[in-house]
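Hi everyone, thanks for making the time.

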Amino acid sequence: MNLVLALVTAIVAKLPEWVAAGMEVKDIIDRTQAVIDAEKVVGDAEWEALDASVKKHKAEFEEAARDT
Amino acid sequence: MKYLALAAAALSLTGCSYFQTATSTVDMQAPSKAAYTLKASYDATLVVATQYARQPRCGAPGAPIAPLCSDRALLNNMLVWSDAANKATQGAEDAVRTFGNNPSLVRVAIEGAQRSVDVFRQVTETVTKKKVQ
């Protein structure tokens with residue numbers, strides 16, 4: 001019973017992180033859809049925003065994947 | 001548990017629908033949008049991969065049991081394919097921004113990026129499906 005409680009507690013503690021990640025993915029989807037819908041070639045501003053987003057998320061992934 | 005299922009499903013479905021959008025909207029007639037969509041797909045995959053990487057390593061003292069832990073070997077694979085996808089999507093971006101008037105070169109760069117992003121996405125989907133199940 002204690003094991004189940006510990007598991008449920010760990011899962012509940014993760015919920016805010018999962019929701020935040022879902023919102024980040026939704027934001028990427030919305031930005032991409034706006035670029036696709038625009039009747040023009042992708043501009044410098046859109047590329048720079050995407051480059052900054054990738055740089056941030058790649059650094060976060062590598063930091064999280066590193067063993068401490 | 002109901003909320004967990006909803007949150008997990010939301011994260012999973014959001015990611016999946018994005019990946020489907022990214023794949024279905026790649027249009028070789030609009031290379032800049034194709035390259036942008038691939039790079040955005042890589043970006044979204046990084047967000048999901050980070051959630052997996054933030055879990056304690058499986059087998060570490062005090063680590064929870066699977067699916068609430070992350071596997072070191074899988075993470076190593078994800079790091080390798082993330083680097084490959086990063087380089088390939090940057091190559092596709094550089095190609096459309098620099099050689100936009102050379103369709104064959106742009107096409108090769110975009111196809112390479114598509115393959116790299118697909119592998120990184122599939123590796124990440126595999127581990128996150130394990131997490132959801």
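Following chain B along its sequence, you get the pattern α-α-α-α. That's 4 helices and 0 strands, where helices (H or I, at least four residues) and strands (E, at least two) are DSSP runs, numbered from the N terminus. A quick word on what you're looking at: this is a predicted model, where local features need pLDDT of at least 70 and side-chain atom pairs count only at pLDDT 80 or more, while totals for chains, interfaces and linings use all residues. Residues are numbered from 1 along each chain as its sequence is written, chains are lettered from A and ligands numbered from 1 in the order in which they are written, and side-chain values use heavy atoms, with hydrogens and water left out.

Back to chain B. Of its 133 residues, 47% count as buried; buried means under 20% relative accessible area, exposed over 50%, and partly exposed in between (1.4 Å probe, protein chains only). If you take the contacts in chain B with a separation of 6 or more, 61% of them are between residues 24 or more positions apart. Contact here means heavy atoms within 4.5 Å. The accessible surface of chain B is about 6300 Å², with 59% of that belonging to carbon and sulfur atoms. Those areas come from the Shrake-Rupley method with a 1.4 Å probe, and for residues only the protein chains shown count as cover.

Now, how many disulfides are there over all chains? A search of the whole structure turns up 1, a disulfide being a pair of cysteine sulfur atoms within 2.5 Å. It joins Cys58(B) to Cys69(B), with the sulfurs 2.0 Å apart. Both cysteines sit in the loop between helix H2 (31–53) and helix H3 (72–98) of chain B, 11 residues apart. The link is right-handed, with 90 degrees about the S-S bond. Are these two cysteines buried or exposed? Cys58(B) counts as partly exposed, because its relative accessibility is 34%, and Cys69(B) is buried at 6%.

Staying in chain B, have a look at Ala95(B), in helix H3. Ala95(B) is buried, with a relative accessible area of 5%. Not counting residues up to four places away in sequence, Ala95(B) touches Gly100(B), Val106(B) and Ala109(B). Ile110(B) is 15 residues along the chain from Ala95(B), and their C-alpha atoms are 8.4 Å apart.

On to chain A, which has 2 helices and 0 strands. Its radius of gyration is 18 Å, well over the 11 Å that the globule rule gives for 68 residues, so chain A is more spread out than a compact globule. That radius is taken over C-alpha atoms, and the rule is 2.2 Å times the number of residues to the power 0.38. Along its principal axes, the C-alpha trace of chain A spans about 60 × 30 × 10 Å. Of the 68 residues in chain A, 34% count as buried.

Last stop: Trp47(A), in helix H2 (residues 44–65) of chain A. What does Trp47(A) touch, leaving aside its neighbours within four places in sequence? Val42(A) is one of its contacts, and from chain B there are Ser32(B), Ala35(B), Tyr36(B), Lys39(B), Glu93(B), Val96(B) and Arg97(B). Trp47(A) is buried, with a relative accessible area of 1%.
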